[in-house]
Amino acid sequence: MRLTRLLHLARNRRRVLRFDDRLVAPDTVEAVLEAARYAPSAREAQPWRFVVVQEALARHRIATAAFNHPHVRLAPVVIVCCARIHSHVSGTGRQSFTGDLAAAIQTMVLTAADLGLQSSWIYGFREPDVRRVVGVPEDVPVVALFCLGFQDGLAELAERRPRDEVIAWDRWSAGAKIAP
């Protein structure tokens, strides 16, 4: 298997234990956001809208809405990831914005790692509260919170499931283990 730079970043990305209090340079935040702009999306609809929050009181209010999650509370940058719900709808009736946003956020994760930063995306929060803090309109879903900063200490690399548990070729593997 060929080890690409991207695969190296994905394999060596570490889980965030906590963020330290160093500020992230504006051009670094811009680079992470610029990478997200170029993420793939269904029919290139690019349904994302990002609100960058660096002001301490606003970050504190967002952390409260995220059940005081330590990553949200301590990250020097919190990016509120929103979607336009009128993005592409497939023939099955499924809207694409959740997958499109996931692609954009994963692009930010890998770009941050390439720039020497750590990141964490959070799905657990009270959406109406986050919406109020940053002024997101009622008809725009807040999909995730993306926390960005420098790691305070080192986390262990996460253990990965064996390849035969997650990859099948041509057909579903009857012997594959499905963990709860």
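## Overall organisation

Among contacts (heavy atoms within 4.5 Å) in the protein between residues at least 6 apart in sequence, 74% join residues at least 24 apart. The model is predicted, and local features need pLDDT of at least 70 while side-chain atom pairs count only at pLDDT 80 or more, although totals for chains, interfaces and linings use all residues. Residues are numbered from 1 along each chain as its sequence is written, and side-chain values use heavy atoms, with hydrogens and water left out.

The protein contains seven helices and four strands, taken as DSSP runs numbered from the N terminus (helices H or I, at least four residues; strands E, at least two), and from the N terminus on these elements follow the order α-α-β-α-α-β-α-β-α-β-α. The C-alpha trace spans about 50 × 45 × 30 Å along its principal axes. For 180 residues a compact globule would have a radius of gyration near 16 Å, and the 18 Å of the protein agrees with this; the radius is taken over C-alpha atoms, and the globule rule is 2.2 Å times the number of residues to the power 0.38.

Of the 180 residues, 38% are buried, where buried means under 20% relative accessible area, exposed over 50% and partly exposed in between (1.4 Å probe, protein chains only). In strand β2 (residues 77–83), seven of the seven residues are buried: Val77, Ile79, Cys81 and Ala83 point one way from the strand, and Val78, Val80 and Cys82 point the other way.

Strands count as paired if DSSP finds at least two bridges between them. Strand β1 (residues 48–53) runs antiparallel to β2 and is joined to it by six bridges, with Phe50 standing opposite Cys81. Strand β4 (residues 142–149) also pairs with β2 in the antiparallel sense over six bridges, and here Cys82 stands opposite Val142.

Glu138 is found in the loop between α6 (127–134) and β4, and counts as exposed because its relative accessibility is 69%. Its C-alpha atom is separated by 17 Å from that of Thr98, which is 40 residues apart from Glu138 along the chain.

## Lining of the largest pocket

The lining of the largest pocket has eight nonpolar, no polar and seven charged residues, with Ala, Val, Leu, Ile, Met, Phe, Trp, Tyr, Cys and Pro counted as nonpolar, Asp, Glu, Lys and Arg as charged, and the others, Gly among them, as polar.
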